[in-house]
Structures are given as structure tokens and as C-alpha cells.
Amino acid sequence: MAAAKGPRAANGAESFDYLIVGAGSAGCVLANRLSADANTRVGLIEAGPSDKRLLVRIPAAVAAAIGDPAIGWGYKSVPQRHLNNRRIPLPRGRVLGGCSSINGMAYFRGHPRDFDEWAEAGASGWSYEDVLPYFRRAENNETWPESRYHGSGGPMNVLDIRQPNPLVARFLEATSSLGFARCEDFNGPDPEGFGCRQATIRRGRRESMVTAYVDPIAHRQNLAIYTESLVTEIVIDDCGQAQFAGRYGGGGDSALQWRADHGIDRGTGGQAAGGGLGLPGSVGAKREVALPAEAVFG
Ligand SMILES: Cc1cc2nc3c(=O)[nH]c(=O)nc-3n(C[C@H](O)[C@H](O)[C@H](O)COP(=O)(O)OP(=O)(O)OC[C@H]3O[C@@H](n4cnc5c(N)ncnc54)[C@H](O)[C@@H]3O)c2cc1C
């Protein structure tokens with residue numbers, strides 16, 4: 001366990017106000033925001049190990065990080081008939097930071113028009129103008145410090161790649177010579193065209209959601225972080241209290257228990273099998289609730 005600082009409940013389970021299952025991108029942000037209130041006890045539970053390893057930290061080692069079985073779930077597709085029955089790897093991070101500890105560090109927010117189409121389709125509060133303040137708040141952009149589209153002073157560092165491969169310049173010359181548009185800023189007003197992408201890197205090291213959102217606040221006494229702890233079962237009683245069971249380490253020899261008095265949050269990643277817990281037959285939402293961006297990030 002990285003840090004088990006939570007108070008013990010009478011039944012021996014660690015007791016919290018909020019338990020976050022999965023310390024991936026979403027889980028790390030939630031841990032930061034929820035534990036900002038010193039009176040709120042927050043537990044962050046991650047199946048994988050610590051992210052403090054070279055392959056995760058060095059941006060150029062990204063391909064090795066993606067392929068490292070010690071920090072991935074090892075998912076593969078079923079045999080693909082049209083690919084000579086090969087099974088294609090589907091990488092997902094199983095490590096503190098989740099996929100943000102193995103991803104390509106490309107900083108793309110999504111196309112503004114996609115957000116607007118969500119809003120038009122009924123997801124009120126999710127238009128591009130609605131979400132833009134939260135993108136700016138998340139960011140410390142070294143190239144565009146403060147502008148309509150970018151922010152500074154936020155937790156996540158974003159920069160231009162200082163020494164791109166020389167072939168990039170030749171490639172961009174070629175696209176321009178063919179009449180394709182150049183894009184100077186893929187997170188600006190018009191993200192279409194060819195250009196150099198920005199990256200989530202800080203001082204030469206990967207900026208994951210752990211380094212951005214958790215490391216700076218890991219000293220908080222009201223936040224406990226569990227690594228190598230797989231949640232296997234959640235039982236929710238009629239009062240909304242939740243008992244969590246899990247196991248520590250790869251061998252499954254050591255049982256763990258937690259209790260959440262106020263809420264459960266699933267940060268277990270969209271593609272994890274088993275409805276989010278990475279396990280068969282896990283918890284699903286009784287009711288889907290659509291919240292505006294302000295309610296989620298505000
Ligand atoms: C190889 C790769 C490259 C990518 N490149 C980019 C990129 O360049 N730019 C970009 O913007 N995005 C990229 N992405 C996508 C981006 O990283 C993900 O969309 C994002 O990190 C997902 O965040 P999440 O919180 O939904 O899930 P995750 O980050 O996957 O977090 C889920 C966490 O829950 C844990 N978990 C699951 N089940 C349990 C359980 N039962 N008990 C305890 N813990 C559990 C997992 O181990 C994991 O840590 C990439 C993704 C991958 C895989």
C-alpha cells in the first residue's frame with residue numbers, strides 16, 4: 001500500500017466518506033477535488049502498482065510502458081478473422097494513474113463541434129462554451145499561458161515538443177504543398193489541419209494525472225491511497241452506505257475491506273471489462289443521471 005492513512009472503523013474496515021475505485025485519470029482528479037475539504041475522508045483504491053518507475057516517467061519510453069505487463073491489464077481482442085486470426089492487444093493501464101501513466105501524452109481535448117452536438121442532442125451544460133472554462137482551469141500551458149482557449153496555473157502541464165523529429169517538418173511542408181490547411185493549435189478555435197501537437201509533459205517527464213493531481217496533495221491527512229488493491233465486491237445497503245471488499249497483491253492472499261459512508265465513485269475506466277470493475281458481474285448504475293459539466297468539474 002502506498003499510504004493507508006484512513007481511520008479504522010469498529011468492524012476493522014477502513015472507513016471513509018468517499019471511496020474512489022480506480023486511480024486512473026478520473027480517479028486522480030476526483031481524489032484531489034474531494035479531499036480539498038479537510039473534513040472529508042477519501043480513499044483512492046488502485047488495482048495496479050505505484051507509478052514511480054522509469055518506463056512511466058520517461059516520455060520516450062512510452063512504447064515500452066504500453067507493452068509492460070507489470071502495469072497493464074493485458075487485454076486482447078478475440079481472434080480477428082480478417083487479420084490472419086491474430087489477437088490484437090488492447091492496452092489499458094493497471095497502475096497508479098491508469099491509462100494516463102502509459103498513454104501517448106498527446107494533448108487533445110476533443111472537437112468543439114462534438115461538444116456542441118452533444119448539447120444540441122440534449123446534454124445541456126456540455127456545449128463547447130460550457131466545458132471550455134474547465135479545460136482552461138486544468139491547464140498550465142507553457143506556450144499559450146492565458147488566452148481565450150488556454151489557461152495557466154492549473155495542475156496539468158502542457159507544452160510544445162521542443163525537438164520534434166526532423167521528418168515532422170518535412171511532412172508538414174509536404175501537406176502544405178498539397179494544399180492542406182495548417183493547424184497551429186489543436187485545442188484552439190479550429191482543430192482541423194496538419195501541425196505539431198502539444199504534449200502533457202513537465203520538465204522532461206510524463207505529466208500523468210498522478211503527477212498533476214495526486215502527487216502535489218499526497219500529504220493530505222484525509223486522503224489514503226491503496227495500490228495493488230483490487231476491489232472485487234461492493235455491497236450497498238438501503239441507506240446508501242457501501243461496503244467494499246478486495247484483495248491486496250497478485251496472490252490474492254490478503255483480504256481488504258473498506259466502508260464508504262456518503263458515496264461511491266467509479267473511476268475504473270470506460271473500457272475495463274465487467275461494467276467498470278475489471279471483473280465479471282460487477283456493479284452497474286441503477287439509473288443513469290446526466291449532469292452538466294459545471295456539476296462535475298465546478
Ligand atoms: C495506449 C494508450 C494511449 C493513449 N494515448 C492518449 C493520448 O496521447 N492522449 C489522450 O488524451 N488520451 C490518450 N489515451 C486515452 C486516455 O489515457 C484515457 O482515455 C484516460 O486515461 C482514461 O481515463 P479513465 O479514468 O476513464 O480510466 P483509466 O485511466 O483506465 O483508469 C481506470 C483505473 O481503474 C483501475 N481499476 C479497474 N478496475 C479496478 C478494480 N476492480 N479495483 C481497483 N482498481 C481498478 C485501473 O487499474 C485503472 O488504473 C490513451 C490510452 C491508451 C491506453
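These legends walk through several close-up views of one predicted model.

Local features are taken where pLDDT is at least 70, and side-chain atom pairs count only at pLDDT 80 or more, while totals for chains, interfaces and linings use all residues. Residues are numbered from 1 along each chain as its sequence is written.

View 1. Helices (H or I, at least four residues) and strands (E, at least two) are DSSP runs, numbered from the N terminus. Of the 298 residues, 33% are buried, a term for residues with 20 or more other C-beta atoms, placed from the backbone, within 10 Å of their own.

**View 2. Helix 1 covers residues 25–34.** Here 9 of the 10 residues are buried, so helix 1 is largely enclosed by the rest of the structure. Among them you can find S25, G27, C28 and L34.

**View 3. Strand 4 (residues 156–160) pairs with strand 3 (residues 139–141) in the parallel sense over 3 bridges.** Two strands pair if DSSP finds at least two bridges between them. Look for N140 opposite N157 in strand 4. Strand 4 also pairs with strand 5 (residues 198–199), in the antiparallel sense over 2 bridges. There, D160 stands opposite Q198.

**View 4. Helix 6 spans residues 166–177.** The number of its 12 residues that are buried is 0, so helix 6 lies largely in the open. After helix 6 comes G179, with a positive phi near 90 degrees.

Methods
The expected span of a helix is 1.5 Å times one less than its number of residues.
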